[in-house]
Structure formats: structure tokens, C-alpha cells
Amino acid sequence: MFKKPLYYLVPIKIIVLILIFSDTGCKRDKADKDAFSMAFVTDIHLQPELNAVAGFEKALDTINDLKPDFIIAGGDLIMDALGAQYDRADSLYNLYLKTIRKAEMPIYNTMGNHEIYGLYGRSGADPEHPEYGEKIYEKRLGETYYSFTHKGWKFMILNSVEDTGNEGYVGLIDSAQILWIKEELVRTDPSTPIVISTHIPFISAMVQIENGSTVANDSSLVVYNSKEIIDLFKNHNLKLVLQGHLHIVEEINIDGVHYITGGAISGGWWKGPYMWSEEGFVFVTFSKDDFTWRYVDYGWEVNK
Amino acid sequence: MRSGLINSVKNLLFAFLLLFAGCKEEDKEILFSVAFMTDIHVQPERDAVEGFTMALEAANGLKPDFIMTGGDLVMDALAADYERASSLFDLYNQVITTAVVPVYNTMGNHDIFGIEGSGGADPSDPEYGEKMYTQRIGESYYAFTHQGWKFMVLNSAEDNGEGSYKGFIDPQQIDWIKEELMGTDKATPLVITTHIPFRSTLASIYLDYGGVDQASRFVTNADEVLELFSGYNLKLVLQGHHHFVEDDLADGIHFITGGAVSGSSWWGPYLIFEEGFLYLTFTRDDFSWKYVDYGWEAVKK
């Protein structure tokens, strides 16, 4: 059957095409070959109790679906080595290494305070033990500070926990790391965008939020020499500091640097959400010189 | 032919779906903009008048719907004698006429006349304390609505009775906030301006906490005030006083400290922060901001 060409439809189709491709539509991310994403998972506090393994596995399933290029873990991976006996600390590290095999992408770990074996006297740990202190972490998971580069962005993983020598810890970037940061930066182009991962935050309003506007920070809650560290990056392109430890979701934006405290995979230590923050992780999408982020509540509900 | 027409209608519908359903374009439309200019510290010295005029011209060029000031409009009434304080308010009211849009003012500690005593102000003076501000500028706390957003301007500086001030929202204002909120829809996006900050982290890294009276640096009952807004759509707290530029986001509320028009009170940039002001654009239920360095270079003398 002869079909008359429907010429009158041409303008409509053109309008459709214009509408689809024009800027009047919502701005779609331009296909950027440098674009990538990552998940920042912090304060996992993995343990055989409280259904934590199932919770962490659910988080990893959610991350696998989002297909980030890699994961950065922000510390407090396990609960707990600080005050644990060796068998417990040993089994927790094994449990963590087993559970993260579920992740379908690389994981870069950051050390938290709860990973340090035997600092608290109740652990009965012998300081001469070959895995005492941070050594258990180094043996099982690797260096406590290091850097890597991905698609033009430099990532620096820091060790922010310092043993006070009297059964406690403070937030500090030690002098060996300061030297290392300086050396790293000498080799880094000033325009290279940089991301830091630190378990203990550089900057947070947590204490003000919880205890009132005039209350000062405690040295176990924030890195007390953070200004000295931030100043090292003065002539470099520091964009983002990913922080853990506090279990809240918070973003502070100062002088072009975003300090994001990434909530907690464990929420309130696997007993439910903590303050306003659900169990979740930070999902970051990077372009050539910028990023956006959101907090992903992976839907964990505590069994009452 | 009929099916062709249907297809074309489908195509059009599809296109409109892409446009409107997927991206909620109407929610991203910029409805209005605001310049937040704080810590002006206007004075006849240090070319401050020229600097403030330059800042107002830069703000005019951005065509905001209105300007909000964040307090410390003058330098200084706290410890001034009457003539100086009076002339500073006159100077401010004269320079502010450069603005081509409405100006909503917030009172700062330096705008309170005489309570630091060294200027010899008489407490029985009809313009003593905050009265000079309320007579020359207007109410020290009030609210207004613009394009569906409600703005609440607070008076955060309180005479501490010991010859100085502290950060405090007084009980009358607490009552007033409660009343205001009773008449406010829970979905209405809210903005607060307060000279003295509710929250800021910069003091902890840039300044030494030791020996400093924190009560003069923060609103001491900020928690009590924020609690009143629980269940309401508080989006933004605009703050002055510290001369820092900082945005703290927690639990959906941004606490933004807006730098200073005067930088380091007209002695140059303060720490890493240039002389500048905030320029904010608002959509139906969201906003974004940038800090505008209006290009002032402090006089070297």
C-alpha cells in the first residue's frame, strides 16, 4: 500500500530532537573519559556479634551495584583490637579480610584507632609481641600511610592515630609522615587534585553540635596538628579530606577544601542510626578537577 | 496517518517527560539572589568608605533582589563617645544609599553604643546601648518573606553587664521565634542571619582557644535556638563576626560564615580570606553560594 510521507511530522521530530539534545533539558553529565567514582566506607566495626557481618555484606552488595572504580575504607574496620586479647584481635582481622572479598573492586584501607592491638591494658598484650600495636595492621593490611594516583587524582592515605603511651590515643599526624607528605608533594604537580583519607578528622563541628557552641575539640576527636598538615598543601590543589571516627555525616567547606565526615557503615556501632546519620557510606563521583558526593543509606535495619 | 500522529504525540510526550519528569527542572530554576555583606566596620579612616562603596557597586552589578548585612556595620560604637558613634551611624546610612536594592540589616556587637565604657557614654543617654541602632537603623530582630523563603534576622549580641558583650539570643527573641514559627508552614525554607555565629570550626584551627572568652565568639545558647527549628525547614544560618569564610553542613543545615567586607577591618585580607561578601542564589527549596572578592586592596599606612 502506498504510504504518503508524513512531512508534517518532520518539524515535530526536529522539535523532539532539539528538546532532547538542547540545554533546556536537565544537564546530563557530559561523557567525560576521566570521570570515575569511589565509595568511602568508614567505621565498619566488623565483629561476629550484632549481625555486623551481614550488615557489612549488604553494604558491599550495594557498592558492587554502584560499580565504583575502588573503595577507600576509612578505619575502625574491626571491633576491637585496642582492648582485645590476641586471639580475638587475630580473628577479627581474619574476619575483615574474608568479608571484603565480596567487593568486586580494589579496597584501599585507612587505619583507625580500633585496629591497634593491645594498647589498652585489659588486652593483656605483651608490648614485645610481634604483632603489638600497629604492627598487626601492617602485617595483615599493609602500610598505614601511602599514596596512589587514579585518573589524574592523587589519593593520600594517612595514619592519624598516635599512641599516647598511657593506654590512650590522640589524633596526630606524626613527624615521619609530615616528612613523607613533604616529599610526596615535591613530586606532585601543583595542579593535581588531591584527596586525603584520615580516620580521625582534621576539622569537625561535632563537639559544638553535641556539647554546645562554645565547647572546644578534644585531641582524641580531631587531629590536633591538622592546621600544620593543611598548611603543607598550601601551594597544591587539595580538594577533599575524607574523615571517619565520629559516625556523623558532615561537610565543611573552607578555602576550596571539603572536609567530609563519612557517617558509618555500622551507624551507631550496629545498634541503629547514630544521631541524624543512618548506616551508610559516601559515594563520590569525580570529574577532571571536581567532584560531587552523596551519602548512601544502604537500608540496614537493626534486629530489635 | 492516524498512527503517525499518535507516534508524533508519543514522541513529544516522551521529550517532555525527559525534560520535566526526570530532572524536575522547575526545582532548579533560580528564583532570586541575595548579597550577604557582613563585618563592614565602616569608619572615616583606612579608606573604608571607598572600600565599602566599591563592595556595594560590585553587589549592584550582580543584581541581587536585596542585600542583607551581617552586623558590625560601624567601627566602632562599643567604646566610642556619642559624637563618634553618632557620626558613624550617619556615615553608614549615607554610604549604604549606594545600594540600588533593599538592604536588610543585622546588628553586630560593634553597633552597640557605649557599653564598653571607655568612651564615657552615659547609660541614661536616650541612644545608649542598642537604642542607637534601633533608632538609626531599625528593629534589631524581625522577619520577612521573599519568593516563598522566610528570612529571620536575629540580634545575637547581648550586653553581658560586665562592660562588654556575649553571644546570646535573649528570652524575648526566643518567645518571638516561637510565635513566628507557629505562623510558618513546616515546609517553608528558612534562613537565619546572626552576627555572632552559632557554629564554626575555624576558630579551633586558626586561633588559640586558650584564655579566650568563647562567650564572645559564639551564641552561647545556639542549641536552644536550633531546637526551636526542629521539625521546620531551616536551610541556612548566615553568620558574621569571625571574618572567616566557612560552610558547615550537618543534618541538612548550612552554617555559613560570610567573611568580611572589611577583611581584617580594612587592614588587608584576614588570614587567608580576602575582603568580600557572599552571593547566594535561591531555587524553590535549595540554594548555592560563592564568596565574591570585590578586588579591594588595603591602603598601606
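Start by selecting Asp65(B): this residue is partly exposed, because 14 other C-beta atoms lie within 10 Å. (A residue is buried if 20 or more other C-beta atoms lie within 10 Å of its own, exposed if 12 or fewer, and partly exposed in between, with C-beta atoms placed from the backbone.) What you have open is a predicted model, where local features need pLDDT of at least 70, side-chain atom pairs count only at pLDDT 80 or more, and totals for chains, interfaces and linings use all residues. Residues are numbered from 1 along each chain as its sequence is written, while chains are lettered from A and ligands numbered from 1 in the order in which they are written.

Stay with Asp65(B), which sits in the loop between α3 (48-62) and β2 (66-69) of chain B. (Helices, H or I with at least four residues, and strands, E with at least two, are DSSP runs numbered from the N terminus.) Which residues does Asp65(B) touch, leaving out those up to four places away in sequence? Show Phe32(B), Ser33(B), Val34(B), Val101(B) and His146(B). Here, contact means that the C-beta atoms of two residues, placed from the backbone, lie within 7 Å.

Next, select Asp39(B), in the loop between β1 (32-37) and α3 of chain B. Its phi is near 50 degrees, a positive value in a residue other than glycine. Is Asp39(B) buried or exposed? Asp39(B) counts as buried because it has 29 C-beta neighbours inside 10 Å.

Now look for Met75(B) and Asp76(B), joined by a cis peptide bond with omega at about 5 degrees. Chain A has a cis peptide bond between Met79(A) and Asp80(A), where omega is about 5 degrees.

Move on to where the chains meet. Strand β10 (residues 249-254) of chain A pairs with strand β10 (residues 245-250) of chain B, in the antiparallel sense, over 4 bridges. (Two strands pair if DSSP finds at least two bridges between them.) Click Asn253(A) and you will find its bridge partner, Asp247(B), in β10(B). On to β11 (residues 253-258) of chain B: 6 bridges join this strand to β10(B), and the two run antiparallel. In their hairpin, with 2 residues between the strands, Asp251(B) takes a positive phi near 55 degrees.

The chain A average is 90, and 89% of the residues score at least 70. Over residues 1-6 of chain A, the pLDDT is below 50. Where pLDDT is low, the predicted coordinates should not be read in detail.

Technical notes. pLDDT = per-residue confidence, 0-100.
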